[in-house]
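Student: Could we go through this structure together, one term at a time?
Tutor: Gladly; here it is.

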Amino acid sequence: MLSTNPATGQEIARYEWHTPAQVEDILAVNQTALRCWRNFRIPERGACLHKAADILAARTTELAALITAEMGKPAGEALAEMKRCVNVCRFYADHTEEMLRPEKPAGAPEDASIVFDPLGAVLAIMPWNFPFWQVLRCAAPVLMAGNSFLLKHAPSVTGCALAVEEIFSQCGMPADLMRTLVLPDERVAAVIEDRRVRAVSLTGSCRAGAAVAAAAGGALKKAVLELGGSDPFIVLADADITLAATSAVGARFYNAGQTCVSAKRFLVARPVVNEFIERMAHGVSLLKMGDPTRPEVRIGPMARDDLRRNLERQVSESVAMGARVVLEGGPEPGPGFYFRPVILADVRPGMPVFEEEVFGPVASITTVHDAEEALRLANRTRFGLGASVWSRNAALARKLAGLIEAGTVAVNALVKSDPRLPFGGVKDSGFGRELGRQGLLEFVNAKVLRLP
């Protein structure tokens, strides 16, 4: 199995899949580590997680360079990803004790209380687009709750997966508490079904989510799924168009558009749509595309060539159905998997860029008559991850935000995940939550004690 640099198309490293015997050995030693870890008090677990954060902080430059090499993320964005990883570790190290404090619900019997026990080994199936952040935002609460952590990462970022394993082996936790399983997708179900694995968390595509949910359900295991998104970005006629258009550039083209919770469908009121398109197109034209190791580059390559080919299909089919090209781009000739940004206007329901998740540097703009139509089209999707509303009318914006079907809705701001707040979606964007107290409680047993 190869790790390939998407900026050059050249091989970085070769890895061997773990054999069934190696998987068995990993699961066995992970269980031994789990039994030891459960004897650590929460402050002791927190000290270990702070040590992991210290290592991440000290190695930020090195690890960010690994992100850039394995998935093509521009250097500045890779550094920002590593800083978020440090922050999420420190958040759970500092706050888990209060979040897992035993509870006595109002009106409950005097002898009853709720305590929060760990579930056991948690399998995390993680994607390539944020190869450290996705792992750490799952691992930090899972480990602080007293569980062990098994990582099945995307094969293209195996180097990042092994680096995470190395960091956790150096922070004072029991050896083998966090282990990486280097496996092809077709062998994951067997791990989910193993009696020692008690829960599974997946961030990925809807197809992968359906497969994992079926395997987990069949084995009666808890599952948390964070899947795709096609987030609406509603711009009403009274919005600050300069702010909205400037924000739209970052919302769509960060990480070369390869982000689940990013604006993908821009629903813009007719009186301001031309100004919005002009300002957004100008902003995108200023984004430098190229070698992601260079600090001035804002758009690097796409992570894989098959992803680039699918994006090209979505654009070409939508144009054939009547979408208008505002900013022309597409696959860039030469080495690497570059895709020059595209902006499409006159996008309508039924077109691939409206109906499907668009995972790359392509923005689609749909003209709407009013807030009512914007809301209808915002919810006319099988996804429900994030959304934003841009308007100077606070009452109207709040009303729309309350009616949009999504896990997170922001008004006059970008949707971002935050360790302090739950993150996840509805409909085909998945179920369950990561981050915040809710994310911590996904992987514990809320046990009722009746004590005299």
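Student: Why does S156 count as buried?
Tutor: The relative accessibility of S156 is 18%, and buried means under 20% relative accessible area, with exposed over 50% and partly exposed in between (1.4 Å probe, protein chains only). So S156 counts as buried. Keep in mind that this is a predicted model, where local features need pLDDT of at least 70, side-chain atom pairs count only at pLDDT 80 or more, and totals for chains, interfaces and linings use all residues. Residues are numbered from 1 along each chain as its sequence is written, and side-chain values use heavy atoms, leaving out hydrogens and water.

Student: Where is S156, and what is it in contact with?
Tutor: S156 is in the loop between strand 5 (148-152) and helix 6 (158-168). Helices (H or I, at least four residues) and strands (E, at least two) are DSSP runs, numbered from the N terminus. Leaving aside neighbours within four places in sequence, S156 is in contact with S3, E70 and W128, where contact means heavy atoms within 4.5 Å.

Student: What makes strand 5 and strand 6 a pair?
Tutor: Two strands pair if DSSP finds at least two bridges between them. Strand 5 and strand 6 are joined by 3 bridges and run parallel. One place to look is L151, whose bridge partner in strand 6 is T180.

Student: Which sheet holds these strands, and why are strand 6 and strand 18 called edges?
Tutor: The sheet is open, with 6 strands in the order 6-5-4-7-8-18 and mixed pairing. Strand 6 (178-180) and strand 18 (430-431) each have a single partner strand, so one side of each lacks a neighbour in the sheet. Helix 1 (residues 20-37) packs on this sheet, and its direction makes about 150° with that of strand 5. Such angles run from 0 to 180 degrees between N-to-C directions, with axes fitted to C-alpha atoms, for helices over the stretch in contact.

Student: How do you know the length of helix 4 is close to what is expected?
Tutor: The expected span is 1.5 Å times one less than the number of residues. Helix 4 (residues 75-99) has 25 residues and reaches 35 Å from first C-alpha to last, close to the expected 36 Å.

Student: Where does helix 4 bend?
Tutor: At A93, by about 35°. That is the angle between axes fitted to the seven residues ending there and the seven starting there.
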